[in-house]
Amino acid sequence: MSSSTGPSSGLPVRMPRPRQPGRHRRPEPVTAPEGAPALVLAVPGLPSVENRRLAEEVVSIARSELPGLDARIGFVESGDAEFPSLREVLAQAAAEEARDEEAAEGEGEALAWPAPVVVPLLAGPDSSNQRVIRQAVLDSGTGAALTDVLGPHPLLAEAVHVRLSEAGLARADRARLFTVATAADGIVLVTVGGEEAVQAAGITGMLLSARLAVPVLAAALDLDGSVAATAERLTEAGSQQLALAPCLIGPEIADGLLVAGAKEAGCPAAEPLGAYPAVGRLVLSAYMAEVGITPDRPSQGSPVR
């Protein structure tokens, strides 16, 4: 017979775990400080419903990691109501923040952050897209801060690994000694943005190679002959079953470019990174570093210039 205070099934009641004192105590969850600037995600490429959904998922991940975050989406190549341009989104965010600042000053307070923070949705260096984004930020006249791109980073290597495993081109877990019949023994890690992008992707490629225990070489989809030459280097080194893996999020890839790259390499391809959770976390990390918020305590707020 159960008591009036316990469950009738007799199962144990899950009680809140007491907070541990001292150095092993878990940090309090971080929330966005009051008055923190908006995070504006700059989405490259031609606007589309698919790209908007991807960006919304990335923003949703960032918000879940930092409750209270004001996150918005601006398209680099746009100008209509359905796909608001980066310039328009920045102007709106800055106007709202100016009103908040005036209200705070009227109450005898001062806001720490005067302008939005723009994070490019780019996995690596891409001079063309970065130049357009930088110009849009300058043209907005808002004084917004612009962060660097998201990679190279170990989390990108993790994301590429997952996309390869989803396509059946790599083992999902190094710790499990099962085989995948279609697993590649050489990876062409593709990017866009020329030689600078290839060098950055090469760093992520080394991390991916350590995860997969197979050779990984980077190539640029937008450089003639780069993919074919890289695939040839891998086959000359002994790889017999290649796979093409994008170190790219998705919107920055021109239509048909990935298919053409796979055909050039003569191998199957994994999907772009898309809204993999690590992408959202890297976007948030870039924002937090710019604003000065640390994972274990909120910033006291130095101005973003």
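Trainee: In which sense do strand E5 and E6 pair, and over how many bridges?

Mentor: Strands of a sheet pair through backbone hydrogen bonds, either parallel or antiparallel. In this predicted model, strand E5 (residues 186–191) pairs with E6 in the parallel sense, over 5 bridges.

Trainee: What is the order of the strands in the open sheet?

Mentor: The order is E6-E5-E7, with 3 strands and parallel pairing. Strand E6 (216–220) and strand E7 (242–246) each have a single partner strand and stand at the edges, so one side of each lacks a neighbour in the sheet. On average, and with direction ignored, neighbouring strands here are turned by 30° against each other.

Trainee: Which way do the residues of strand E3 point, and are they buried or exposed?

Mentor: In strand E3 (residues 117–120), Val117 and Val119 point one way, whereas Val118 and Pro120 point the other way. All of these residues are buried.

Trainee: Which residues stand opposite Val119 and Val117?

Mentor: Leu41 stands opposite Val119. Strand E1 (residues 39–43) and E3 pair in the parallel sense over 4 bridges. Opposite Val117 stands Ala145 in E4. Strand E4 (residues 145–146) runs parallel to E3, and 2 bridges join them.

Trainee: Let us turn to the pocket. What volume does the largest pocket have, and which residues lie nearest its centre?

Mentor: Rolling a probe the size of a water molecule over the atoms shows where empty space is left. Here the largest pocket has a volume of about 690 Å³. Its lining comprises 30 residues, and Asn51, Gly250, Pro251, Glu252 and Ile253 lie nearest the centre. The elements giving two or more residues to this lining are helix H1 (49–65), helix H3 (127–140) and helix H7 (257–265). H1 supplies the largest share, 5 residues.

Note on methods. Residues are numbered from 1 along each chain as its sequence is written. This is a predicted model: local features need pLDDT of at least 70, side-chain atom pairs count only at pLDDT 80 or more; totals for chains, interfaces and linings use all residues. Side-chain values use heavy atoms; hydrogens and water are left out. On a 1 Å grid over the protein atoms alone, a cavity is a set of points where a 1.4 Å probe fits but cannot get out, and a pocket is an open set with protein on both sides within 12 Å along at least five of seven lines; lining residues have an atom within 4 Å of a point. Grid points are joined across faces, edges and corners, and a volume is the space filled by probe spheres set on the points. Two strands pair if DSSP finds at least two bridges between them. Axes are lines fitted to C-alpha atoms, for helices over the stretch in contact, and angles run from 0 to 180 degrees between N-to-C directions. Buried means under 20% relative accessible area, exposed over 50%, partly exposed in between (1.4 Å probe, protein chains only).
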